[in-house]
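I would like to guide you through one protein model, beginning with the whole chain and then turning to its parts.

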Amino acid sequence: PTAPGSRATTLSARFLGVMPAYSAADDALTTKLVTFYERRGDSAAPSHQATVLLFDPRCGSLRAVLDGSVITAKRTAAVSAIATKLLMPRSAEVLCILGAGVQARSHYEIFMELFPFTEVRGTRRSLLGADRAAVRGLTSRLPKEKLPHACHTTVKRTQPQRKQNGWPSFGRESRGPICAFPRRSGCGIAASSAR
Ligand SMILES: NC(=O)C1=CN([C@@H]2O[C@H](COP(=O)(O)OP(=O)(O)OC[C@H]3O[C@@H](n4cnc5c(N)ncnc54)[C@H](OP(=O)(O)O)[C@@H]3O)[C@@H](O)[C@H]2O)C=CC1
Ligand SMILES: O=C([O-])C1=[NH+]CCC1
């Protein structure tokens, strides 16, 4: 959990995070409850499930219960976008997304809206079969200049964007194995100027 004052109760690879926050400026008292579980087998449940509770700061009464899934997806991508805006080299042209989950999708959407990337490349574990360890190490071990080469599929922004469930359809323009991007679930994101 990333919010100040957050607490997480852990049971193996299963977490319940409690993320309370108070903003005097917004007159808002709130907490998010989020479970994040390692996905097992072919479970259909999302790995992250969240609910947001909104309280009246004056009397402490509960005022609203909100589904936290969209809030989590959009808020996390928005914070990444702010960091990217401040840190990304001006020459960056390639957006590389590692993983193909909820965050991958929300990051893709906001990054393509805000930044002039000319190309997007993506990778997902399931395509790698026995080579899963290689993907696990991507974010930590791969030299920056190698990152795009590790990606499994690519689409040029200049080409017509065919959509498939809201995502670009990585098809004929793909290099390497064609990825039915996405299936269900993103583990990391990086912007690279490497060609
Ligand atoms: N900082 C913040 O505020 C937040 C951070 N997060 C973090 O962002 C990350 C992504 O979350 P989310 O998109 O919701 O999760 P999803 O479960 O939707 O997606 C996870 C993706 O990571 C891949 N993956 C999982 N384990 C491995 C592994 N061992 N090796 C390679 N790939 C793997 C999955 O592959 P496959 O499809 O094959 O299963 C899937 O593509 C998580 O680490 C999450 O905790 C999320 C929300 C908020
Ligand atoms: O903000 C959030 O919902 C989470 N951060 C890490 C795991 C879940």
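I shall describe the chain, its strands, a ligand site, a nonpolar core and one proline.

This is a predicted model, in which local features need pLDDT of at least 70 and side-chain atom pairs count only at pLDDT 80 or more, while totals for chains, interfaces and linings use all residues. Residues are numbered from 1 along each chain as its sequence is written, chains are lettered from A and ligands numbered from 1 in the order in which they are written, and side-chain values use heavy atoms, with hydrogens and water left out.

The protein chain contains five helices and 11 strands; helices (H or I, at least four residues) and strands (E, at least two) are DSSP runs, numbered from the N terminus. Of its 195 residues, 33% are buried, where buried means under 20% relative accessible area, exposed over 50% and partly exposed in between, with a 1.4 Å probe and protein chains only.

Let us turn to the strands. Strand β3 (residues 28-37) runs antiparallel to strand β4 (residues 48-55), and eight bridges join them; two strands pair if DSSP finds at least two bridges between them. T35 has Q49 in β4 as its bridge partner. β4 also pairs with strand β5 (residues 62-67), in the antiparallel sense, over five bridges.

Which residues surround ligand 2? They are M19, K32, V34, F36, H48 and T72, each having a heavy atom within 4 Å of the ligand. Strand β3 supplies the largest share of this shell, three residues. A polar side-chain atom of K32 lies 2.6 Å from an oxygen atom of ligand 2.

Next, the largest nonpolar core has 12 residues, including A81, M88, Y108 and F117. Such a core is a set of buried Ala, Val, Leu, Ile, Met, Phe, Trp, Tyr and Cys residues joined through side-chain atoms within 4.5 Å. β6 (94-98) and α2 are the elements that give two or more residues to this core, and α2 gives the most, with four.

Finally, is P116 buried or exposed? P116 is exposed, because its relative accessible area is 63%. This proline lies in the loop between α2 (102-114) and β7 (119-123). The C-alpha atoms of P116 and K32 are separated by 33 Å.

How values were computed: Polar contact = N/O pair within 3.5 Å; in protein donor to acceptor, adjacent residues only side chain to side chain.
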